[in-house]
Amino acid sequence: MKIHKGEYIKYSRFIVKKLHKTTCYGAGSMYEDNVLKGLYDKGIGKKILEALTKQKICLKKKKEHGWKYYLNIERLDKIKEIIKEKGNRSIIPVLLML
């Protein structure tokens with residue numbers, strides 16, 4: 001299944017904003033189901049969450065009831081870029097394709 005550039009941008013911005021808004025930076029973290037709650041297509045959301053994890057923008061840890069995700073404070077510059085971005089001038093697809 002091919003994910004379009006626009007979907008990458010929307011979904012990754014949604015995920016990063018949600019984790020940022022709830023201050024998930026290590027001490028705070030969120031289960032995968034809660035991160036993906038509110039997305040139209042959870043399958044695409046899962047793939048993008050994994051891509052963000054590969055880029056070390058999001059990190060994950062195994063807990064009793066599954067994986068918990070949080071933002072990597074060392075990549076705060078990239079996180080702020082993703083949150084502020086608008087339109088087609090996005091760096092997200094470039095990051096996710098690496």
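This is a predicted model: local features need pLDDT of at least 70, side-chain atom pairs count only at pLDDT 80 or more; totals for chains, interfaces and linings use all residues.
The accessible surface of the protein comes to about 6,100 Å². Carbon and sulfur atoms hold 54% of that surface.

**Layout**

Five helices and three strands make up the secondary structure of the protein. Along the sequence they follow the pattern α-β-α-α-β-β-α-α.

The three strands form an open sheet. Their order is E1-E3-E2, and the pairing is antiparallel. Strands E1 and E2 stand at the edges, and each has a single partner strand, so one side of each is left without a neighbour in the sheet.

Helix H3 packs on the sheet, where it touches E2 and E3. The direction of H3 makes about 105 degrees with that of E2.

The elements of this part of the model are listed here.

| Element | Residues |
|---|---|
| Strand E1 | 30-31 |
| Strand E2 | 58-63 |
| Strand E3 | 66-71 |
| Helix H3 | 42-54 |

**The E1 and E3 pairing**

How many bridges join E1 and E3? Two bridges do, and the two strands pair in the antiparallel sense. Which residue in E3 stands opposite Met30? Tyr69 takes that position.

How values were computed:
Residues are numbered from 1 along each chain as its sequence is written. Side-chain values use heavy atoms; hydrogens and water are left out. Two strands pair if DSSP finds at least two bridges between them. Helices (H or I, at least four residues) and strands (E, at least two) are DSSP runs, numbered from the N terminus. Contact means heavy atoms within 4.5 Å. Axes are lines fitted to C-alpha atoms, for helices over the stretch in contact, and angles run from 0 to 180 degrees between N-to-C directions. Accessible areas come from the Shrake-Rupley method with a 1.4 Å probe; for residues, only the protein chains shown count as cover.
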